[in-house]
Amino acid sequence: MSSGEVPAQDTTGPTEKCGVVGVSHETEGAALPTYYALYALQHRGQESAGIVTHDGFQQHEHIGMGLVGEAFDQADIDTLHGQSGIGHVRYPTAGSVDESNAQPFTVSFEAGSLALSHNGNLVNTEALRSKLTEQGHAFSSDGDTEVIAHDLARNLLESDLVRAVKRTMERLHGSYALTVMHDDTVMGIRDPEGNRPLIIGELDDGYVIASESAAIDTLGGEVVRDVRPGELVVLAEDGSGFDAYQLQSPERTANCFFEYVYFARPDSVIDGELVYEVRRELGRKLYEEAGVETDVVMPVPDSGRAFASGYAEAAPDVEFAEGLMKNRYVGRTFIMPTQEARERAVRLKLNPIRSTVEDRSVTLIDDSIVRGTTSRQLVGLLREAGAESVHVRIGAPPITAPCYMGIDMADRDELIAAEGDVGAVEEQIGADSLAYISPGAVADSIGTARSDLCMGCVTGEYPYDIEGEATDRDVAAPVLDE
């Protein structure tokens with residue numbers, strides 16, 4: 001299924017990871033800007049939303065299920081006192097769907113209070129949880145964020161902040177971008193491979209750390225820079241600046257290519273690259289590699305739009321047109337418990353514009369195909385609307401393997417491209433032709449080395465030591481001998 005049409009309750013395609021934010025203000029409360037930033041990151045998670053603040057004496061928290069606007073009202077914001085705060089929007093990729101796994105996760109201990117927001121997924125959670133349980137730690141959730149919190153709290157009892165974070169990072173294996181608040185000190189931590197984005201921004205009277213630059217833009221701030229892979233950034237309690245500590249320096253990174261293809265907002269800048277322009281370049285390269293002569297090029301809204309724009313720009317004498325109209329009021333929480341309901345959902349969300357497609361050859365552009373359900377339905381809709389032929393072009397390589405780093409991806413036996421036969425996928429979705437972009441073109445479009453991207457869901461080789469899976473580099477999980 002196309003990732004662009006995946007409601008949050010649906011299980012037919014990849015769903016977002018999570019969004020994190022941390023704010024330190026000089027003069028004003030942190031709750032309201034954190035709330036606004038979460039709105040800007042809503043696309044990264046619709047299951048739950050939460051904010052924790054600190055007033056210099058104690059923590060204040062509010063966490064609720066649903067969208068940001070459903071989880072908070074003005075009275076909730078009014079109870080969140082303090083100039084320091086962190087926030088989180090969640091889609092459950094690790095841990096169950098209930099309030100026990102909603103974030104930020106908080107804990108109080110001898111060295112103070114701790115709150116964590118986590119984007120990503122550890123791959124050694126069970127080993128670390130088992131080791132901590134042996135040492136007397138009790139857990140109230142089945143998520144990996146609580147495991148990180150307990151390990152960090154344990155180290156804070158024995159070390160200063162920077163050394164404690166370093167010791168915890170040495171025990172974590174997997175993907176993580178964290179905003180953490182220890183008492184009223186806000187910090188950001190990015191895993192050594194930089195798998196998840198994390199950005200520093202400067203506000204008029206403070207600083208912010210967020211998953212995407214769009215959140216900083218929403219607050220009227222200026223992007224300072226990305227948190228570097230393996231780096232700890234500590235915001236001053238009075239919002240006057242920040243300190244940075246490079247705690248780990250791997251030889252290679254493993255940026256998630258799907259951030260650029262689908263997850264991030266088009267107006268966000270990640271590691272110096274505007275996502276919208278990356279997607280347009282992907283579209284241009286898609287035409288260079290697999291262009292086909294048709295009467296019209298159209299996107300699957302909304303995820304295919306930038307790709308189709310770049311593709312049409314590269315294609316000579318081809319019309320770019322909107323051929324599918326999206327019903328924006330169905331929402332991403334539309335429940336689809338059966339296959340019949342999932343089939344119907346495409347018609348509820350998308351309707352063809354007959355005058356654009358009737359008696360014409362069509363190139364349909366989307367970001368990805370996972371199970372193939374939506375792609376098959378869309379090709380059928382266009383044929384019913386009178387399309388002479390339908391050629392599908394995809395701005396990502398074939399998804400052939402699951403993701404262990406935070407994308408709620410299908411298992412191999414559910415992935416339509418798992419066998420690597422493009423012709424078979426073409427036949428199953430009913431297209432006249434099908435082509436994907438190459439992994440090399442993805443790396444070129446992002447402007448990074450292919451070896452510094454995580455493309456495990458494409459290659460089946462991962463940047464982490466995962467039981468039963470191949471690796472794309474020399475890597476081993478930490479030995480937990482303490």
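Buried means under 20% relative accessible area, exposed over 50%, and partly exposed in between, with a 1.4 Å probe and protein chains only. The model is predicted: local features need pLDDT of at least 70, side-chain atom pairs count only at pLDDT 80 or more, and totals for chains, interfaces and linings use all residues. Residues are numbered from 1 along each chain as its sequence is written, and side-chain values use heavy atoms, leaving out hydrogens and water.

**Exercise 1.** Find which residues of helix α4 are buried and what covers them.

*Solution.* Helices are DSSP runs (H or I, at least four residues), numbered from the N terminus.
- Step 1: α4 spans residues 125-134, and Thr125, Leu128, Arg129, Lys131 and Leu132 are buried there.
- Step 2: Seen down the axis of α4, these buried residues fall within an arc of 165° (directions from the helix axis to the C-beta atoms), so they line one face.
- Step 3: Glu126 and Glu134, on the other side of α4, are exposed.
- Step 4: The cover of the buried residues includes β6 (112-122) and α5 (144-156).

**Exercise 2.** Classify the ring pairs Tyr35 with Tyr36 and Phe257 with Phe258.

*Solution.* Rings of Phe, Tyr and Trp (its six-membered ring) pair if their centres lie within 6.5 Å; planes under 30 degrees apart are stacked, over 60 edge-to-face, and the rest tilted.
- Step 1: The centres of Tyr35 and Tyr36 are 5.8 Å apart and the planes stand at 50°, so this pair is tilted.
- Step 2: Tyr35 is buried at 15%, whereas Tyr36 is partly exposed at 39%.
- Step 3: Phe257 and Phe258 are edge-to-face, with 5.3 Å between centres and 85° between planes.
- Step 4: Phe257 is buried at 1%, and Phe258 is buried at 0%.

How values were computed
Helices (H or I, at least four residues) and strands (E, at least two) are DSSP runs, numbered from the N terminus. Contact means heavy atoms within 4.5 Å.
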